Structure formats: C-alpha cells, structure tokens
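Here is a friendly set of notes to read beside the structure. Please keep the viewer open as you go through the points.

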Amino acid sequence: MSNEDVILTAGDAEVTVQPGNGCRIGSLRIGGVELLRQGQKYGCFPMVPWCGRIRDGRFRDGAAVHQMPLNSPPHAIHGFARDAGWRTARTSATEAVFTYDLTDPWPYPGRVTQIVELAEESLTLRLGIETYGDSFPAQAGWHPWFNRSLEGGGDPVRIDFTPAWQEERGEDHLPTGHRTDPKPGPWDDCFGMPDGVDVTLTWPERLEVAVKSREQWVVVYDEQEAAVCVEPQTGPPDGLNTDPRLVTPIEPLETATTWSWRRL
C-alpha cells in the first residue's frame with residue numbers, strides 16, 4: 001500500500017495517521033475539535049529506536065560503541081523513525097497497522113510496527129520492535145503535542161499526575177543519575193511512575209484526557225506556549241546507556257499507550 005494519509009473514525013472521533021511523515025498522528029479530532037498541535041513536526045510521533053536524548057549520540061552495546069547522528073547537537077534525540085517513511089500494512093475503519101525497517105545509521109537490522117486503534121472514547125497506540133539478527137538495546141515511546149488551548153476558547157490545559165520521583169536533570173538536559181522528589185513545573189523532565197504512566201489533561205469545562213501506559217517512565221514538557229507534551233516511554237532519556245531494554249530474537253520490545261477522553 002502507499003504511504004498516503006490514513007483516516008480512522010469512530011463515533012465523533014477522527015484520527016489522521018501520516019505514514020509518509022514518520023507515521024505520526026497528524027490529527028486527533030473529538031467532536032470536530034483538534035487536540036494536537038498542527039504542523040509537519042508536531043502531532044504525535046513515535047520515538048524509536050530510542051527516546052529523548054542519547055548523550056553525545058553514543059551508546060554502548062557490550063564492547064561495541066555506536067555513534068548516532070547528532071540531530072540535536074551535542075546529542076542525538078528521539079530516534080529517526082519520525083523522519084522516515086513507513087509502510088501501511090493494513091487498514092480498517094477503526095484500526096491501521098504500519099511498519100518501518102531499521103536501516104543505517106542504526107547498526108542492527110530489525111522492524112518496527114505501529115498499530116493505531118480508535119474507539120469512540122479512546123485511542124490506543126502500540127509499538128513493537130523485532131530483530132532480524134542479533135539482540136540489541138532499544139527504546140520506544142510517543143511524543144504527542146497537545147494543544148495548550150482548544151479551538152473555541154476556554155482555559156488552557158491543566159496537567160495532573162502523581163509521580164514517585166523526578167529524574168534530576170543536568171544542564172545538558174540529561175538525567176544525572178539522581179532521583180528527587182517531584183518539583184513544580186514548568187518541566188522538560190522525566191518522571192517515574194512504577195505502577196504505570198497515568199497523567200490527566202484537563203481543559204476546564206471542555207474535555208478531559210487520561211494518558212495511560214503500563215510503562216513506568218514519562219517525560220512531561222510544557223515549556224512552549226502553544227502545546228504541552230506527555231510522553232510515555234520504555235526508559236529514561238539516555239536509557240540506551242543507563243537502563244537498556246534488549247530486543248532479542250525471542251522477545252521483541254512491545255509497548256502501548258491509551259488515551260481516553262470524556263466531555264466536561
């Protein structure tokens with residue numbers, strides 16, 4: 001199939017997936033109201049095969065040291081699947097499956113699959129990474145840009161969550177390895193939620209969206225005026241070095257997030 005946009009609908013919810021633009025969710029409309037910031041690099045993109053920054057773009061796998069392109073100098077950030085064209089494997093009215101083959105500069109052959117499932121009151125995103133050969137460290141997650149204010153007016157969004165800890169952030173924006181009690185925002189920070197990511201976005205008198213995942217890591221970024229980001233992911237920034245998850249021939253890396261909404 002081509003990499004043309006795919007539109008899913010369920011009730012009054014509509015999702016547009018852009019496989020040709022990093023397989024990002026280009027639009028999520030509830031009752032005609034757009035939840036995601038619009039633009040070529042916004043929406044909600046999959047972060048794969050790593051999340052956040054890799055320090056100096058280098059990660060170690062055993063004795064081997066691999067250098068990734070510095071797309072956010074001096075670091076490498078958010079993987080590169082978001083800049084690639086994906087293939088649409090299959091679609092229905094409410095579900096679509098997309099694939100992306102890992103190639104240079106990633107040193108290991110493998111495949112990433114994203115499944116997008118829309119229901120009348122929820123959106124579920126799933127990512128899987130499998131290897132075609134050796135085991136390798138990887139991460140997966142999502143980077144949504146939620147509009148701070150919704151079309152039609154009303155107060156800006158409020159972010160509510162109760163993390164167990166906050167990763168101390170160094171001047172280079174990478175975790176120092178120390179954990180602190182959660183601090184008030186604004187944030188560009190990684191938080192630990194051992195019982196699973198559970199963050200509520202509330203646009204007062206308009207809409208409430210619960211972002212959940214079984215993963216225990218979430219980055220919250222709300223330093224921009226137009227949008228806020230709530231990013232469930234399988235490990236912390238620089239996690240390929242500090243907390244690697246291995247993709248093995250018998251155990252792919254699989255993760256999911258569900259966004260559920262209700263009107264207020």
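1. A word on pockets before we start: on a 1 Å grid over the protein atoms alone, a pocket is an open set of points where a 1.4 Å probe fits, with protein on both sides within 12 Å along at least five of seven lines, and lining residues have an atom within 4 Å of a point. This is a predicted model in which local features need pLDDT of at least 70 and side-chain atom pairs count only at pLDDT 80 or more, while totals for chains, interfaces and linings use all residues. Residues are numbered from 1 along each chain as its sequence is written, and side-chain values use heavy atoms, leaving out hydrogens and water.

2. The largest pocket is lined by 26 residues, and Arg 53, Ile 77, His 78, His 143 and Asp 188 lie nearest its centre. Strand 18 (165-169), strand 20 (188-192), strand 23 (217-221) and strand 24 (227-233) are the elements that give two or more residues to this lining. Strands here are DSSP runs of E, at least two residues long, numbered from the N terminus.

3. Now to the nonpolar cores, meaning sets of buried Ala, Val, Leu, Ile, Met, Phe, Trp, Tyr and Cys residues joined through side-chain atoms within 4.5 Å. Buried is under 20% relative accessible area and exposed is over 50%, with partly exposed in between (1.4 Å probe, protein chains only). The largest core has 65 residues, and Trp 106, Ile 129, Leu 201 and Trp 259 have the most contacts inside it. Another core, of 8 residues, lies apart from it and includes Phe 45, Met 47, Trp 145 and Tyr 221.

4. Where does strand 3 (residues 24-30) sit? With 6 of its 7 residues buried, strand 3 is largely enclosed by the rest of the structure. Strand 3 pairs with strand 2 (residues 13-18) in the antiparallel sense over 6 bridges; two strands pair if DSSP finds at least two bridges between them. Ile 30 in strand 3 stands opposite Ala 13, and Ile 30 also stands opposite Val 33 in strand 4.

5. The hairpin of strand 2 and strand 3 has 5 residues between the strands, and Gly 22 in the turn has a positive phi of about 75 degrees. In the hairpin of strand 3 and strand 4, with 2 residues between the strands, Gly 31 takes a positive phi near 60 degrees.

6. Is Gln 40 buried or exposed? Gln 40 counts as exposed because its relative accessibility is 62%. Gln 40 is found in the loop between strand 4 (33-34) and strand 5 (44-47). Beyond its neighbours within four places in sequence, Gln 40 is in contact (heavy atoms within 4.5 Å) with Asn 21 and Arg 24.

Terms used
Helix = DSSP H or I, 4+ residues; strand = E, 2+ residues; numbered from the N terminus.
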